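Colleague: I'd like to learn how to read the way parts of a protein pack together. Can we walk through an example?

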Amino acid sequence: MIPEGDGRIIGYYGYPRRSLLAGARAAFGAELPLVDLDIDYGAPDAGLLPKATCSIITNIMNNAVWLSGRLAVVVAAVGEDKCDGGRNIAWLLKGMGFNVVESRFTGGGAGRPLVWSTSAGPLAERIDRIMETVVEPEPRGAAAQGPGTSGAPRRETGAIAAPPRCEPTHGFWGVPPNDFSILGLFPPTTHIYGWTRCVEAGRPDDLDLETFVDPGVPTVFFTQSFCAKQNLAHYLAERHGGLEVDCHREINDSIMAKVEAFIKLS
Amino acid sequence: MLIADCGSTWTKILDTGSGKLEIIKTRDMVKRRDLHFDVATGHSAKGRCAVFRNELIALAEGALALVPDPDFSVVDVGGRDVKFVRFRDRRVDKLDWNLSCGSSTGATMELLGNYYEIDFRTLPPSADWINVTCGVFGMEKVLEQVSTGTPAEESIAMFLHGIVRNVYDFAGRPETLHLSGGFCENGCFLKTFAGYCDIKPLGRAVPLEGLKAK
């Protein structure tokens, strides 16, 4: 959420390195709130991008323009962990006078255990928890049992006990959607795959992990329209007998019906 | 019991007691405040029925009621979308619902046919096709063909051929494909499709069979 008032904030998008977020706070104020510019907060359309642009990229531009008077800096994910859209927007924002710090993941890293991707519970809530880990190093409830699917050992953190791992009945693959209403269709035993799982694993640039799904699990491969990840979703849906879904901005009734049918019939 | 499949352009209503099937334009159906269905499916059915059923589920269950084969595929080409279900051992193996690239192709076909006064029962198929990215882009291609001298009949047959290619690819290029929806009554569409696979029309009441099945 965006703090009320006209106080300074630090904007970010994608999954920037935490050291850069910490550096931004050190430089501009340790107390400054971090605001995820990927999210649709209802900012007015800045009209600076073509209509056929991924909604997430459009959100970044609209939010930046809307909050321009408050943004001390934008910490921008511009590497393989994000997309060309993220890199191009950083260039545009710099040209518009924004203070931009670029972040790139270059592979490797210790990784983190999977907790919310593989546990039971409302899908939207678990995706929210995962995205919180971008700025909060330990996912709430990271004290889990056994090794994670990512291969990294689970850690005892003293945090709130995590829900136990469940066997997946369905899968959701993709990025957090612009419109979360679609997530309410999935049963609680849905596992999370794709880039969202990569975020929880702390490896947002890991294409092998991003393209992993458990064989035999009926999976919806979701992308925003006009996103390069549609190539992956199309291929993976064909390969695994899943359902490819893309959506521009809000989810409509037809898309909801399509996902509902897939979940009920698969 | 009154059941209905309320599509974007046509509404199919079946009285299960008498067996009477009525097909009316959806634009007329929405004006009739007296019409209320026991069970219904389709874009325009919400708020007009006691029980609403998902269209893709109705199609799948209707196809199972009509086709005895263990393995088969069915596609419904509607006014504004295309739905597809593939069965293995009479269980759903794959399904999809094209809401964007298939958007409005059926409705556009009807609009063009009415405008150019085309009889699709006698329209000869065309060996050529135009890319039908969606209804609007497809219409633009038809108008371009007509403006550059291609007869309207040939241009529309090419448009129709473009839809056939899209549907065939969407269904995964099967050897045999069962067809649901209004295109079952379009002779040119069926003849064009026969150049790609064995096409078996099931008629316009497949989703109604699905509603009856439950």
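Modeller: Helices are DSSP runs (H or I, at least four residues), strands are E runs of at least two, and both are numbered from the N terminus. Ala, Val, Leu, Ile, Met, Phe, Trp, Tyr, Cys and Pro count as nonpolar, Asp, Glu, Lys and Arg as charged, and the others, Gly among them, as polar.

Modeller: One caution: this is a predicted model, where local features need pLDDT of at least 70 and side-chain atom pairs count only at pLDDT 80 or more, while totals for chains, interfaces and linings use all residues. Residues are numbered from 1 along each chain as its sequence is written, with chains lettered from A and ligands numbered from 1 in the order in which they are written.

Colleague: How many residues does each chain bring to the contact between A and B?

Modeller: Chain A gives 12 residues and chain B gives 13. On the chain A side, helix α8 (residues 253-265) provides the largest share, 9 residues. That side divides into 6 nonpolar, 3 polar and 3 charged residues.

Colleague: And how is chain B divided?

Modeller: Into domain 1 (1-53) and domain 2 (54-214), with bounds from an automatic or database domain assignment. Their contact takes 15 residues from domain 1 of chain B and 16 from domain 2 of chain B.

Key
Contact = placed C-beta atoms within 7 Å.
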